[in-house]
Amino acid sequence: MSNTHTDRSQGELNLEIEDMGLESPEVIQTSLAAAMTLGLKGGIFYRNAKLTCLNLLQTYQEGCQGRCGYCGLEQKRSEKTKGTTFIRVAWPTYSFDLILERTKHYQNSLKRICLSMITHKSAMEDSLKLIARLHREVNLPISVLCAPTLIHKTEDLQKLKDAGADQLGVSIDAATPEIFQKYRGKGVRGPHQWEHYWEILRKGVDVFGSGKVSVHLIVGLGESEQEMVTAFQQVHDLGAVVHLFSFYPEPGSALAERSAPSIGRYRRMQLARYVIMNNFASAKTMGFNCSEQISDFGIEVETFVASGQPFRTSGCPGHDGEIACNRPYGNERPGITLANYPFVPNLQDVEKIRGELYAGLREGLDNREFQG
């Protein structure tokens, strides 16, 4: 994805909102990829990828009240870097009216809208307003990535659905309660609680239905492969699906100096997620070595590898049932190794993936790459 803006047509300089004290729901942040897709930013996508989900993020002067150690919205970031990136890329701010106008114009190239709440006292009420307006004025399905710490009643989840959301997201992120506590809870003096997140996940499935709730999990926060696979199975058994991310060190965050997980490790997690979510295998049928790395998927996996499907971005679907939320290059810089493919991998991609899938196993590397 190019971030050079040689084409400054359509009054681009006057459309992005600087810090003027404006907050959601009047203004909204959107990913750089979405801004490009809506004609608000110049640039081209690497390998002609197409963004098919409009990602929106609430914004407030006080910022997010979560203190997650790996997040681009973390309060500890300096004023220069706070809120400037989120999941690696820039998130410019625009008026919601402008975003809505552009979405209507470009909606034939989009398959879904995803609104992300942040942990802020006004976020729940404002989400209902934003979702209701999107549902009323745009003919696209809507996901809401909720902030579970703000939600305490099943009725709150029902309100999100009644407003127009058909998919619910819960960003648990960490595969174990210990890692969650370390980077999202008491370890960073944060407000989030592991048990509450899982309770909201269960209630979400009750309200939205089986297969209509997704859980974000991040590979590379200190978990072993076996622990991550166990989390996949727990989510699947509850009737939800996993959307997988590779840790990316956000500049200015507490974990800015940490390394991303190895590509071999991430490939194994992608494949394990795919076979578990699609009922081809389970955590119980898989084998692990002494470093808790996957040594056996429990089934023959070459057909899945050859299809390239397990290595695509995992996200909510559109009306056609195909992946809509494909987040081009949200986990890596374009032109280097792609963690999540925003399109179907071609034959050359698949050959590369085969070489990556078991990398690191022969050496018996300890899969807990992220201690400390």
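Me: Leaving aside neighbours within four places in sequence, what is Phe 232 in contact with?
Reply: Keep in mind that this is a predicted model. Apart from those sequence neighbours, Phe 232 has contacts with Leu 217, Val 242, Leu 244, Met 269, Ala 272, Arg 273, Ile 276 and Met 277.

Me: Which residues touch the most other members of the largest nonpolar core?
Reply: Phe 232 is one of them, and Ile 172 is the other. That core has 106 residues.

Me: OK, zoom out. How many helices and strands are there?
Reply: The chain has 11 helices and 12 strands.

Me: And how much of the chain is buried?
Reply: Of the 372 residues, 58% are buried. The chain exposes about 15900 Å², and 49% of that comes from carbon and sulfur atoms.

Me: What share of the contacts comes from residues 24 or more positions apart?
Reply: They make up 77%, counting contacts in the chain with a separation of 6 or more.

Me: Switching to charges. How many salt bridges does the structure hold?
Reply: There are 16. One of them joins Asp 97 to Arg 133, with 2.8 Å between the closest N and O atoms.

Me: Where do those two sit, Asp 97 and Arg 133?
Reply: Asp 97 is in helix 3 (residues 96-106) and Arg 133 is in helix 4 (residues 123-137), so their pairing ties together parts 36 residues apart in sequence.

Me: Is Asp 97 buried, partly exposed or exposed?
Reply: Asp 97 counts as partly exposed, at 46% relative accessibility. Arg 133 is partly exposed too, with a relative accessible area of 26%.

Me: Which residue does Glu 137 meet in a salt bridge?
Reply: Glu 137 meets Arg 133, at 3.1 Å from N to O. Glu 137 and Arg 133 are four residues apart in helix 4, so about one helical turn separates them. Glu 137 has 29% relative accessibility, which makes it partly exposed.

Me: Now Asp 156. Where does that residue lie?
Reply: Asp 156 lies in helix 5 (residues 154-163). Asp 156 is buried but has no salt bridge.

Me: Why no salt bridge for Asp 156?
Reply: The nearest side chain of opposite charge is Lys 159, at 4.3 Å. Leaving out neighbours within four places in sequence, Asp 156 has contacts with Met 124 and Ile 151.

Me: Let's do strands. Which residues of strand 1 are buried on each side?
Reply: Strand 1 (residues 27-30) is covered on both faces. Val 27 and Gln 29 are buried on one side, with Ile 28 and Thr 30 buried on the other.

Me: And how many bridges pair strand 1 with strand 5?
Reply: Three, in the antiparallel sense, with strand 5 covering residues 93-95. Among the partners, Val 27 is bridged to Ser 95. Strand 1 also runs antiparallel to strand 2 (residues 53-57), joined by two bridges. Gln 29 stands opposite Leu 57 there.

Me: Last one: where is Asn 289 found?
Reply: Asn 289 is in the loop between strand 11 (287-288) and strand 12 (294-296). Asn 289 is partly exposed, at 24% relative accessibility.

Me: What does Asn 289 have contacts with, beyond neighbours within four places in sequence?
Reply: Ser 295 and Leu 361. Asn 289 and Leu 361 are 72 residues apart along the chain, and their C-alpha atoms are separated by 8.8 Å.

Note on methods
Residues are numbered from 1 along each chain as its sequence is written. This is a predicted model: local features need pLDDT of at least 70, side-chain atom pairs count only at pLDDT 80 or more; totals for chains, interfaces and linings use all residues. Side-chain values use heavy atoms; hydrogens and water are left out. Buried means under 20% relative accessible area, exposed over 50%, partly exposed in between (1.4 Å probe, protein chains only). Contact means heavy atoms within 4.5 Å. Accessible areas come from the Shrake-Rupley method with a 1.4 Å probe; for residues, only the protein chains shown count as cover. Two strands pair if DSSP finds at least two bridges between them. Lys and Arg count as positive and Asp and Glu as negative; His and the chain ends are not counted. A salt bridge is a side-chain nitrogen of Lys or Arg within 4 Å of a carboxyl oxygen of Asp or Glu. A nonpolar core is a set of buried Ala, Val, Leu, Ile, Met, Phe, Trp, Tyr and Cys residues joined through side-chain atoms within 4.5 Å.
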